[in-house]
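Please examine the sequence and the structure shown below. The report that follows describes selected parts of the model in turn.

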Amino acid sequence: MRSTIQPPITGQTAPASRPKVAIIVGSTRPGRKAEAVATWVHTLAAHRDDATFEVVDIADYALPHLDEPVPPRAGHYSHPHTHAWAQKIGSYDAYVFVTPEYNASVPGALKNAIDFLYAEWNGKAAGFVGYGIQGGIRAVEHLRQILGDLEVAPMPTTVALTLADDFQDHVHFTPGAVPAENVALMLDELVARTARSRAAGRVGADLVGHE
Ligand SMILES: Cc1cc2nc3c(=O)[nH]c(=O)nc-3n(C[C@H](O)[C@H](O)[C@H](O)COP(=O)(O)O)c2cc1C
């Protein structure tokens, strides 16, 4: 099976449907904070009428360490778990990555989940919500670099949650007002960018297909 991105269609009418945005839970660790953070982002996004939002948990896809014999860029996926993951990710127009910082970078499970695919990410846009001792900034910066290779456009506003300020006793999620304002800004950027790209017929879930 092969994944392809179709060339732009000149004069194509802008899709009338609202962009679909996946909020990706970047940690698979038992007891993870990522679920609470992703749910918070989803709650803040839910009132918007310019896009639809869903939480996507990479733990639900039980991906092994990358086991595809052919590099994903070629689009020849062979395993059922890859097809399931590709179908899910390919169905969105944009992404919000919720990521903790592990050893100054992204969790291995998140990097692995990204590595599995190519066409499904390619040409879309992404926003970032990081958390850690210093707001997960190093993880987010690495994500920007990783996604750059997939030609994913990173949004400028980063949401940085610190364990000291946004998690009571460093454990229970108690976000302040400023991070919530930053989520709104980041989503504004993400939705506007995605709407522009879709109107130009350049990207979109509807342009990702499988042979
Ligand atoms: C393997 C590991 C490495 C970590 N490394 C860092 C780090 O480099 N910087 C940081 O700010 N926090 C670090 N932490 C703390 C995490 O940011 C914190 O435990 C966070 O809750 C993890 O997210 P999760 O609960 O959603 O998995 C690390 C945690 C783990 C488990």
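Strand β4, helix α3 (residues 108-115) and strand β5 form a β-α-β unit that is right-handed; with the strands pointing away from the viewer, the path from the first strand over the helix to the second runs clockwise. Helices (H or I, at least four residues) and strands (E, at least two) are DSSP runs, numbered from the N terminus. This is a predicted model, in which local features need pLDDT of at least 70, side-chain atom pairs count only at pLDDT 80 or more, and totals for chains, interfaces and linings use all residues. Residues are numbered from 1 along each chain as its sequence is written.

Strand β4 (residues 94-100) runs parallel to β5, and 7 bridges join them; strands pair if DSSP finds at least two bridges between them. Thr99 has Gly130 of β5 as its bridge partner. Strand β5 (residues 125-132) is also joined by 7 bridges to β6 (residues 153-162), again in parallel. From β5 the chain passes through helix α4 (residues 137-149) to β6, in a right-handed β-α-β crossover. Ala126 stands opposite Pro154 in β6.

## The burial of β5

Why is β5 largely enclosed by the rest of the structure? The reason is that 8 of its 8 residues are buried, a buried residue being one with 20 or more other C-beta atoms within 10 Å of its own, where C-beta atoms are placed from the backbone. Ala125, Gly127, Val129 and Tyr131 point one way from β5, whereas Ala126, Phe128, Gly130 and Gly132 point the other way.

## The ligand shell

The ligand is surrounded by 13 residues, and the closest are Ser27, Arg32, Pro100, Gly132 and Ile133. A residue is near the molecule if its C-beta atom, placed from the backbone, lies within 6 Å of it. The shell holds 5 nonpolar, 4 polar and 4 charged residues. Ala, Val, Leu, Ile, Met, Phe, Trp, Tyr, Cys and Pro count as nonpolar, Asp, Glu, Lys and Arg as charged, and the others, Gly among them, as polar.

## The chain and its confidence

The chain contains 6 helices and 9 strands. Of its 211 residues, 41% are buried.

The mean pLDDT (the predictor's confidence in each residue, from 0 to 100) is 91 for the chain, and 88% of the residues reach 70 or more. Over residues 1-15, the pLDDT is below 50. Where pLDDT is low, the predicted coordinates should not be read in detail.

Notes: A residue is buried if 20 or more other C-beta atoms lie within 10 Å of its own, exposed if 12 or fewer, and partly exposed in between; C-beta atoms are placed from the backbone. Two residues are in contact if their C-beta atoms, placed from the backbone, lie within 7 Å.
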